[in-house]
Amino acid sequence: MSFEWPWQYRFPPFFTLQPNVDTRQKQMTAWCSLVLSYCRINKQYTMTVMEAQESPLFNNRKLQRKLPMESIQVVLEELRKKGNLEWLDKNKSSFLIMWRRPEEWGKLIYQWVSKNGLTNSVFTLYELSNGDDTENEEFHGLEESMLLRALQALQQEHRAEIITLDDGRGVKFFQ
Amino acid sequence: MDRFAWASGLLEMNETLVIQQRGVRLYDGEEKVKFDTGVLLLSTHQLIWRDLKNHECCIAIPLSQIVFIEEQAAGIGKSAKIVVHLHPAPSNKEPGPFQSSKYSYIKLSFKEHGQIEFYRRLSEEMTQRRWENMPVSQTIQINRGPQAGRIRAVGIVGIERKLEEKRKETDKNISEAFEDLSKLMEKAKEMVELSKSIANKIKEKQGDITEDETIRFKSYLLSMGIANPVTRETHGSGTHYHMQLAKQLAGILQSPLELLSPEDLVNACKMLVALKLPLRLRLFDSGVMVIELQSHNEEEMVASALETVSEKGSLTAEEFAKLVGMSVLLAKERLLLAEKMGHLCRDDSVEGLRFYPNLFMTQS
């Protein structure tokens, strides 16, 4: 997966919230898409707003343009409305960025489990996201709250069950 | 498209269906809207559009909202259209599908033909104005307000006065309208005869123009609205008078009955832009003055601004003003207009405010 900045990233007006409603709609679509791609490439599951402001994502140093805080908030709100973002605190200082939906993660995890004949086994959450066995998998390093959502999605489909273990939580996969 | 209101599509007691056409699509100015497949109905009072797929979806606009219509011929892959220029929506308008619109005109696109006949019928209805003589329920009769119904012109006072009195008594009807016209023509005939006679006398240097002829001629001029004391008393003098006139002008383009003195007309036209009416007075180098719809002129200006900005990549208002040779204020207005119409977008930074071609719309 190679990442290329979209043409908008080099277009100065991209960093100004457009007053024309139709233009703004296009602008927002492009921003949402960029945020998701960027986070996907960097395997970033969570972010703070401060972090976001200074990251290359919203701050194009070469172009000498950065998206102002107010506008960043507008972009984040768009993502939230689309279901790709969840605030992690009341102050809206940090958020979960879901460039993949929980169901999609669940599917990937289950595929790995069944491919390796590991159904009916029990895993700790840590094993799944950080174990050696999953090192080459896309879900390796998956942030805990995302992982939990993914497993909850599988649970809904009766393909897994989240269980409580001595030192935390785990999951059992079904055939 | 903000002039439309949700409607039942049912006709009232005094209302008749004139023509209907399937396969009509609506445009808000230059932009397509979701009303893409419907039946367009013309009645004596309104224009109704009903969705073919969903009969519950029905919108209408009173014919009194229409200033003026034009035909747009079909092209390759494009259906023939009728462009309908509209008055601003009145404040008491019933709710409709659009809260606001940047355009003061809509287009009717005839995907299954029928444009020619529809245009002919619609023109006819616009000329006859039958909706004025056959009042229907409140929701259809809009365009009330300071003008209170029928637009009055000021001009031929003698005739006008007599007709005014008549109109106040009873409901208007077509025969009265024709009565006005025939009386007017009688007077005009008399005046033409008199003018001819005077002109001849001057030409042939035949005899003197009698005092009687002079007095009659002057009285005709007076009744034409030049230095007309009675009218100005009614509407105030000077500017206020012209302002009222300008407002009325914007609504009476197609009426055959009103006459104005050229002077009053010109002064009123100068007010058009100030009053933000959708018409403007344009002065050509030859001295000819033309009233034109603002939308035409705007489109030209915006297209030219876009070209200039595209050539240079991006421009500030100051740079644009210098290039084109206009005041910075006017330059900024033009750029803002182009932005409002979606042709330009802005870059607002510490470096200042710059305008770029709107690549968000043109680039995928």
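Let me start with a question: which side chain meets B:Glu112 in a salt bridge? The partner is B:Arg22, with N to O at 3.8 Å. Keep in mind that this is a predicted model.

Look at where those two residues sit. B:Glu112 is in the loop between β9 (105-110) and α1 (115-128) of chain B, and B:Arg22 is in strand β2, residues 17-28. They are 90 residues apart, so the pair links distant parts of the chain. B:Glu112 has 41% relative accessibility, so it counts as partly exposed. B:Arg22 has 46%, so B:Arg22 counts as partly exposed too. The cut-offs behind that label are under 20% for buried and over 50% for exposed.

Next, helix α1 of chain B. Here B:Arg120 forms a salt bridge with B:Glu124, and the closest N and O atoms are 3.2 Å apart. Both residues lie in that helix, 4 residues apart, about one turn. B:Arg120 is partly exposed at 43% relative accessible area. B:Glu124 is partly exposed as well, at 32%. The pair belongs to a network of salt bridges that links B:Glu117, B:Arg120, B:Arg121 and B:Glu124.

Chain A has its own example. A:Glu157 forms a salt bridge with A:Arg159, with the closest N and O atoms 3.8 Å apart. A:Glu157 counts as partly exposed at 42% relative accessibility. A:Arg159 is also partly exposed, at 33%.

How many salt bridges are there over all chains? A search of the whole structure finds 22. As a general point, side chains of opposite charge can pair when their charged atoms come close.

Now the interface. The size of an interface is often given as the accessible area lost when the parts come together. Here, chain A and chain B bury about 1,500 Å² between them. Carbon and sulfur atoms account for 61% of that buried area. In residue counts, 16 from chain A and 20 from chain B take part in the contact.

Helix α1 of chain A, residues 21-41, gives the most to the side that touches chain B, with 4 residues. By class, that side of chain A has 6 nonpolar, 7 polar and 3 charged residues.

B:Arg3 sits in the segment before β1 (5-6) of chain B. Is B:Arg3 buried or exposed? It is buried, because its relative accessible area is 8%, and the cut-off is under 20%. What does its side chain reach? The backbone oxygen of B:His87, at 2.8 Å. A polar atom of the B:Arg3 side chain also lies 3.3 Å from the backbone oxygen of B:Tyr103. Leaving aside neighbours within four places in sequence, the contacts of B:Arg3 include B:Ala60, B:Ile61, B:Gln65, B:Leu86, B:Pro88 and B:Lys93.

Chain A has 6 helices and 8 strands. Along the sequence its pattern runs α-β-α-β-β-α-β-β-α-β-α-α-β-β. Of its 175 residues, 45% are buried. Chain A exposes about 9,600 Å², with 45% supplied by carbon and sulfur atoms.

Chain B has 12 helices and 13 strands. Buried residues are 42% of its 364. Chain B exposes about 20,100 Å², and carbon and sulfur atoms supply 55% of that. Among chain B contacts with a separation of 6 or more, 56% join residues 24 or more positions apart. For chain A, that share is 56%.

That's the tour.

Notes:
Residues are numbered from 1 along each chain as its sequence is written. Chains are lettered from A and ligands numbered from 1 in the order in which they are written. This is a predicted model: local features need pLDDT of at least 70, side-chain atom pairs count only at pLDDT 80 or more; totals for chains, interfaces and linings use all residues. Side-chain values use heavy atoms; hydrogens and water are left out. Helices (H or I, at least four residues) and strands (E, at least two) are DSSP runs, numbered from the N terminus. Buried means under 20% relative accessible area, exposed over 50%, partly exposed in between (1.4 Å probe, protein chains only). Contact means heavy atoms within 4.5 Å. Accessible areas come from the Shrake-Rupley method with a 1.4 Å probe; for residues, only the protein chains shown count as cover. A polar contact is a pair of N or O atoms within 3.5 Å; within protein, one must be able to donate a hydrogen and the other to accept it, and residues adjacent in sequence count only if both atoms are side-chain atoms. Buried area is the accessible area (1.4 Å probe) that two parts lose on being put together, summed over both. Ala, Val, Leu, Ile, Met, Phe, Trp, Tyr, Cys and Pro count as nonpolar, Asp, Glu, Lys and Arg as charged, and the others, Gly among them, as polar. A salt bridge is a side-chain nitrogen of Lys or Arg within 4 Å of a carboxyl oxygen of Asp or Glu.
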